[in-house]
Amino acid sequence: MIAPELLLTPPQAKTGDFYTIATLGSHSALQILKGARDEGFRTLAIANREAERLYRSYAFVDEVIAIDQYSDFMSLVPELETRKVIIVPHGSFVAYLSLEDHKQMRIPYFGNKAVLDWESSRELQRQWLTRAGLRIPRQFRTGAEIDRPVIVKLYGAQGGKGYMFVRDAHDFEQRAGKLARQNYILQEYIIGVPAYIHYFYSSLTGKLEIMSMDRRYETNVDSLGRIPAAAQEGMDVEPSYVVVGNAPLVLRESMLAHAYRMGEDVVRASQELCPPKGLFGAFCIETIITPDTQFYVMEISARIVAGTNPFIDGSPYSYLNYSEPMSTGRRIAREIKNALLSNNLPAVLDDSSRLR
Ligand code: AMP
Ligand code: AMP
């Protein structure tokens, strides 16, 4: 057990000097590396040729390794395995590396890779959320079953690309041709407002924190309301859900207790599904809140999400727990530092991690 005062205001740990925190140069890398530097670690960005100069331009990035494309990352693994490097994964890892790639590497890795199996399959994710007792949108097996508006989600779609809004069974029948030979799910379209809730669960203390919240800015769905519905008629404009940014959000306080409980439930269920460690570190529950204030959960992300980027300087929620700017990226580095200080680094790493 670590002394609580150490968790709140740890000294500038010397331990951090020996470790480099590394991540891919995209997504939330700036936040992760700034947080790592603030906690006393060395920092490494692995960036493509286009992003290389950007990451070099920041004083808190100690080292940049350039690769042609992010999917070439695996060719660096043998070299990184010989160094005292800890990888902090984010959404680009999932987007550019396969599940097998993730499992193959032995570089110390923040988080639990076992959770990846449950997260990467829509069906398993549904089982996880159901086990946690969360409310999820209905799913239809066939077009004929559709009795309300649905969103068609292609398997492996990145950032909402290729999603299709379908009004009813007839609409689906007319457009099903576009989906030939593709794998997709038909999910009930929830009419409400999206809220993406960012959490951090500490495997060292067993405590869950709400770090921040965001709403996404998606093109073109977030601008359709700017064109009157009557003018849209006959324009043949399709909503798309491609994310381009994120805006900060705070939740009506009477809804906060429910948001906190959803986080606890997801962690508890993950400990049953992937014992003993379950889900730890940063994660996000993507919700849509309906007019009767019900939270529908669309998805869970088992790592830092880019929606935390508006809070590099901390959020209203992280300010309640820390008397200093505490981004999710910095919270991750603090957790790694606390683990080092208490001689318990394996507790915050995947079990495949080979320590040097
Ligand atoms: P990228 O490296 O930008 O291609 O992002 C990798 C993955 O993270 C993709 O699936 C993106 O959709 C997702 N992503 C990137 N930036 C954001 C963002 N600002 N908000 C939500 N998701 C994002
Ligand atoms: P996702 O890939 O699940 O993160 O979804 C991308 C975007 O599609 C979300 O940010 C929402 O705008 C929209 N979306 C996804 N699922 C639903 C749903 N069941 N009902 C309404 N909108 C949705």
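1. Let me start with a loop residue. Setting aside neighbours within four places in sequence, Ser327 makes contact (heavy atoms within 4.5 Å) with Gln31, Met211, Phe311, Ile312 and Gly314. Ser327 sits in the loop between helix H12 (316-321) and helix H13 (328-341); helices (H or I, at least four residues) and strands (E, at least two) are DSSP runs, numbered from the N terminus. With a relative accessible area of 4%, Ser327 is buried, where buried means under 20% relative accessible area, exposed over 50%, and partly exposed in between (1.4 Å probe, protein chains only). A polar atom of the Ser327 side chain lies 2.9 Å from the backbone nitrogen of Arg330.

2. A word on the model before going on. This is a predicted model, in which local features need pLDDT of at least 70 and side-chain atom pairs count only at pLDDT 80 or more, while totals for chains, interfaces and linings use all residues. Residues are numbered from 1 along each chain as its sequence is written, chains are lettered from A and ligands numbered from 1 in the order in which they are written, and side-chain values use heavy atoms, with hydrogens and water left out.

3. The ligand is surrounded by 16 residues, counted when a heavy atom lies within 4 Å; Tyr163, Tyr196, Glu218, Glu286 and Glu299 are the closest. A polar side-chain atom of Tyr196 is 2.3 Å from an oxygen atom of ligand 2. For Glu218, an N or O atom of the side chain lies 2.4 Å from an oxygen atom of the ligand, and for Arg216 a polar side-chain atom lies 3.4 Å from a ligand 2 oxygen atom. On its own, ligand 2 has 480 Å² of accessible area, and the protein covers 95% of this; such areas come from the Shrake-Rupley method with a 1.4 Å probe.

4. Which elements give two or more residues to the shell around ligand 2? They are E6, strand E8 (184-188), strand E10 (208-220), strand E12 (281-289) and strand E13 (295-301). By type, the shell residues divide into nine nonpolar, one polar and six charged; here Ala, Val, Leu, Ile, Met, Phe, Trp, Tyr, Cys and Pro count as nonpolar, Asp, Glu, Lys and Arg as charged, and the others, Gly among them, as polar.

5. Now to the sheet that holds E6 and E8. Four strands form an open antiparallel sheet in the order E5-E8-E6-E7. Strand E5 (139-140) and strand E7 (164-166) are at the edges with a single partner strand each, so one side of each has no neighbour in the sheet. Strand E6 (residues 150-154) pairs with E7 in the antiparallel sense over three bridges, pairing being assigned if DSSP finds at least two bridges. Val152 has Met164 in E7 as its bridge partner.

6. Elsewhere, strand E1 (residues 20-24) runs parallel to E2, joined by five bridges. Ala22 is bridged to Leu44 in E2. Six of the seven residues of strand E2 (residues 42-48) are buried.

7. Two further residues are worth a look. Pro108, in the loop between helix H6 (99-104) and helix H7 (114-120), is buried at 4% relative accessibility. Leaving out residues up to four places away in sequence, Pro108 touches Val85, Ile86, Ile87, Leu349, Ser353, Arg354 and Leu355. Glu79, in helix H4 (residues 77-81), is partly exposed at 40% relative accessibility.

How values were computed: Polar contact = N/O pair within 3.5 Å; in protein donor to acceptor, adjacent residues only side chain to side chain.
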